[in-house]
Amino acid sequence: RVKNNLTFMTSLLEMQGRRSDSQEVKTALRESESRLKALALVHSQLFKSESDTEVNLKYYLEEVTAHLQEIFITKEKPIHFQTSFSDHQINAEDAMRLGLIVNELVTNSVKHAFSQVADPLISIETYINSHGSLALKYEDNGPHSGPKLDENTQNESLGLKLISLLRKQLGDKYVVMM
């Protein structure tokens with residue numbers, strides 16, 4: 001039921017985006033659609049799962065990145081994704097947070113990192129680190145001149161503020177490296 005409601009909201013945003021003449025509005029609506037899709041995918045994974053509270057992080061992040069590739073890869077700007085996700089069952093809320101972080105990082109890379117990059121590359125992986133924590137590692141091959149995520153978030157975009165908030169909510173359970 002929740003998934004159906006999120007899908008409906010995504011469709012409404014998509015219809016609104018098609019009606020707008022403003023590229024800025026279209027971009028903002030597309031980013032909101034992508035966030036809602038990441039949430040809907042968690043519910044889709046819960047439906048497929050034997051558990052009511054846990055999802056397979058590998059399958060979930062594979063779906064999230066496939067969706068992001070659909071949105072952002074074009075003939076004019078082919079972006080290569082390298083992914084390696086470890087196979088773990090995790091709490092659905094934590095998976096949702098990690099999926100939203102991936103969504104925001106990819107969106108940020110596409111918007112800001114690849115304007116002067118001939119062969120854009122995004123690398124995303126999850127693994128168990130030497131401390132036994134699940135780690136999410138994200139990299140792109142664009143220049144890194146933007147704001148640091150751990151600095152003051154007052155002047156940052158909504159996406160960067162969202163990443164900082166989600167990282168705080170995850171606490172010490174997971175390591176997010178960018």
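Colleague: What should I know before reading any values?
Modeller: This is a predicted model, in which local features need pLDDT of at least 70, side-chain atom pairs count only at pLDDT 80 or more, and totals for chains, interfaces and linings use all residues. Residues are numbered from 1 along each chain as its sequence is written, and side-chain values use heavy atoms, with hydrogens and water left out.

Colleague: How many helices and strands does the chain have?
Modeller: The chain has five helices and six strands. Helices (H or I, at least four residues) and strands (E, at least two) are DSSP runs, numbered from the N terminus.

Colleague: What pattern do they follow along the sequence?
Modeller: The order is α-α-β-α-β-β-α-β-β-α-β.

Colleague: How much of the chain counts as buried?
Modeller: Of its 178 residues, 42% are buried. Buried means under 20% relative accessible area, exposed over 50%, and partly exposed in between, with a 1.4 Å probe and protein chains only.

Colleague: And what about contacts between residues at least 24 apart?
Modeller: They make up 66% of the contacts in the chain between residues at least 6 apart in sequence. Contact means heavy atoms within 4.5 Å.

Colleague: Which residues of α5 are buried?
Modeller: Gly159, Leu160, Ile163, Ser164, Leu166 and Leu170. They are on the same side of α5 because they cover an arc of only 165° around the axis. The arc is that of the directions from the helix axis to the C-beta atoms.

Colleague: What does the face turned away from that side carry?
Modeller: That face of α5 carries the exposed residues Leu158 and Lys168.

Colleague: Is Leu165 buried or partly exposed?
Modeller: Leu165, also in α5, counts as partly exposed because its relative accessibility is 45%.

Colleague: How do α4 and α5 pack?
Modeller: Helix α4 (residues 92-113) packs with α5 at an angle of about 155°, and their axes are 9 Å apart. That makes α4 roughly antiparallel to α5. Axes are lines fitted to C-alpha atoms, for helices over the stretch in contact, and angles run from 0 to 180 degrees between N-to-C directions. Angles under 35 degrees count as roughly parallel, over 145 as roughly antiparallel, 65 to 115 as roughly perpendicular and the rest as oblique.

Colleague: Which residues make that contact?
Modeller: From α4 they include Asp94, Arg97, Leu98 and Ile101, and from α5 they include Gly159, Leu160, Ile163 and Leu166.

Colleague: Now α3. What does it look like along its length?
Modeller: Helix α3 (residues 57-72) has 16 residues and reaches 22 Å from first C-alpha to last, close to the 22 Å expected at 1.5 Å a residue. Its buried residues are Leu57, Tyr60, Leu61, Val64, Thr65, His67, Leu68 and Phe72. Their arc around the axis is only 155°, so they sit on the same side of α3.

Colleague: At what angle do α3 and α4 pack?
Modeller: At about 25°, with their axes 10 Å apart. α3 and α4 are therefore roughly parallel to each other. Residues in the contact include Leu61, Val64 and Leu68 of α3, with Leu98, Val102 and Val106 of α4.

Colleague: What comes just after α5?
Modeller: Gly171, which takes a positive phi of about 60°. Lys173 lies in the loop between α5 and β6 (174-177). Leaving aside neighbours within four places in sequence, Lys173 is in contact with Asp94, Ser133 and Leu134.

Colleague: Where is Ser133?
Modeller: Ser133 is in the loop between β4 (121-128) and β5 (134-140). It counts as buried because its relative accessibility is 16%. Not counting residues up to four places away, Ser133 touches Tyr127, Ile128, Asp172, Lys173 and Val175.

Technical notes. Expected span 1.5 Å × (residues − 1).
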